Amino acid sequence: MKQTHTFIASARRNQVDLTRQRNQVDLERVVLRARIGTEPRWTSWVAKGVKALSYALGLHLASRPVGEDPAAILFYHKVQRRPVGVWGEPVLDVREFERHVSFLAREYRPVLLSELVAGLSGRAGLPPRAVALTFDDGYRNNLYLVAPVLARYGVPATFFITTGLVGTDRWMWAYELEELFSRHPPDQVCRACGDPAIARLGALGLSPRVLMMACVEYLKELPHEMMLDIVERLRAAFPLPVNDENRFLSWDEVRELSRQGFEIGAHTHSHPILTRLPLEEVERELRSCRDTLEEQLGVRPTLFSYPNGATNAEVTALASRYFEAAVTTRAGFCSPASGLLELPRIGAPVPVSELAFELSRGPRSCHEGQREVSGWMR
């Protein structure tokens, strides 16, 4: 009875206040996060140059052991055919991704995430310099661009699938906003949102890309239903067919990834930020995703990735009912002391020189110095 009361109390704490005024979101902080993601300071360019030179000269520290019984989990989303995005920014294309895989196969011990979890839990040995590659969302290019590169180098990977998006022509909404802001006058997009806080953001004189990212950061802080209302208004005002780089896998393609020996994990049914949902809806997302994957693949998934990396004590407790282990986007290395339901990951940067630097920084406790990976799409 005491456990029942405790769970009910936790559920109430996780209930989102749907009456909260949208202008209570700290817009100054939202803009700051957007600027950090799009307008790097000159010091960051110097750092990039130092990392690139160090890697080119073989001076990077990747040859140093990661530590005693450590593990690194990398996370990706999609790999593109072109090396620049809609704003001309560098993105991970298939050539640079192959450099990632070649580097990892040469200097590390790539393992499946399930093998890494077994090692962390003490059920199996964990090789030194172990690294697991993970891919979130379930993009079609994971099969046609990513899998062939991984197969050439014999590198395993785990793909986290959003089951409600499989086989659809839908967008991941944040990438959809990026496309809209790059195609249409930003003031028109902001007006179509019908949201006063977004109107305030649109009046700040931000560059289109910073404004887009500020809107995405703002929308992520709203209750899920409020966010969906705004996104649906934009979709009605600016219908946009999904392009090839943002298209999701079909079920036949998911099964093909599995047939090739890659591991399939769960990423919810509809990709909501789980901390913005009532707990009963969180549970429906977890159960539906797990059961659908089991029905389609014949194997019950044991691994889960939190959308946007977001979790809290109540969400994590629910995830433990359905999965053995789960990954976040909090940056860091893992050790046997890590909590298996809140494993940190390292967001893979675009240049291989920066990947080498991230992996050479040395193990850090999964409970010390953690920060969430910055970025508009996680």
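Visitor: What covers the buried residues of helix 5?
Guide: The cover includes strand 1 (72–76), strand 3 (130–135), strand 4 (158–161), strand 5 (263–266), strand 6 (303–305) and strand 7 (325–327). Contact means heavy atoms within 4.5 Å. Helices (H or I, at least four residues) and strands (E, at least two) are DSSP runs, numbered from the N terminus. This is a predicted model, where local features need pLDDT of at least 70, side-chain atom pairs count only at pLDDT 80 or more, and totals for chains, interfaces and linings use all residues. Residues are numbered from 1 along each chain as its sequence is written, and side-chain values use heavy atoms, with hydrogens and water left out.

Visitor: What makes helix 5 largely enclosed by the rest of the structure?
Guide: Burial of 6 of its 8 residues (113–120), so helix 5 is called largely enclosed. Buried means under 20% relative accessible area, exposed over 50%, and partly exposed in between (1.4 Å probe, protein chains only). The buried residues are Leu 113, Leu 116, Val 117, Ala 118, Gly 119 and Leu 120. Just after helix 5, Gly 122 takes a positive phi of about 85°.

Visitor: What makes Arg 235 and Glu 176 a salt bridge?
Guide: A salt bridge is a side-chain nitrogen of Lys or Arg within 4 Å of a carboxyl oxygen of Asp or Glu. The closest N and O atoms of Arg 235 and Glu 176 are 2.7 Å apart, and the two form a salt bridge. Arg 235 sits in helix 11 (residues 224–237) and Glu 176 in helix 7 (residues 173–183), so the pair ties together parts that are 59 residues apart in sequence. Both Arg 235 and Glu 176 are buried. By this rule the count comes to 22 salt bridges.

Visitor: Where do Asp 187 and Arg 191 lie?
Guide: Both are in helix 8 (residues 186–193), 4 residues apart, about one turn of the helix. An α-helix has 3.6 residues a turn, so residues three or four places apart point the same way. Asp 187 and Arg 191 form a salt bridge, with closest N and O atoms 3.3 Å apart.

Visitor: How do you know whether Asp 187 and Arg 191 are exposed or partly exposed?
Guide: Asp 187 has 43% relative accessibility, so it counts as partly exposed. Arg 191 has a relative accessible area of 57%, so Arg 191 is exposed.

Visitor: What makes Glu 294 and Arg 300 a salt bridge?
Guide: Their closest N and O atoms are 3.0 Å apart. Glu 294 is partly exposed at 29% relative accessibility. Arg 300 is partly exposed too, with a relative accessible area of 43%. Elsewhere, salt bridges that share partners join Arg 81, Arg 140, Asp 244 and Glu 253 into one network.

Visitor: Why is helix 13 called roughly parallel to helix 14?
Guide: The axes of helix 13 (residues 279–297) and helix 14 (residues 313–322) come within 10 Å and cross at roughly 30°. That makes the two roughly parallel. Angles under 35 degrees count as roughly parallel, over 145 as roughly antiparallel, 65 to 115 as roughly perpendicular and the rest as oblique. Axes are lines fitted to C-alpha atoms, for helices over the stretch in contact, with angles from 0 to 180 degrees between N-to-C directions.
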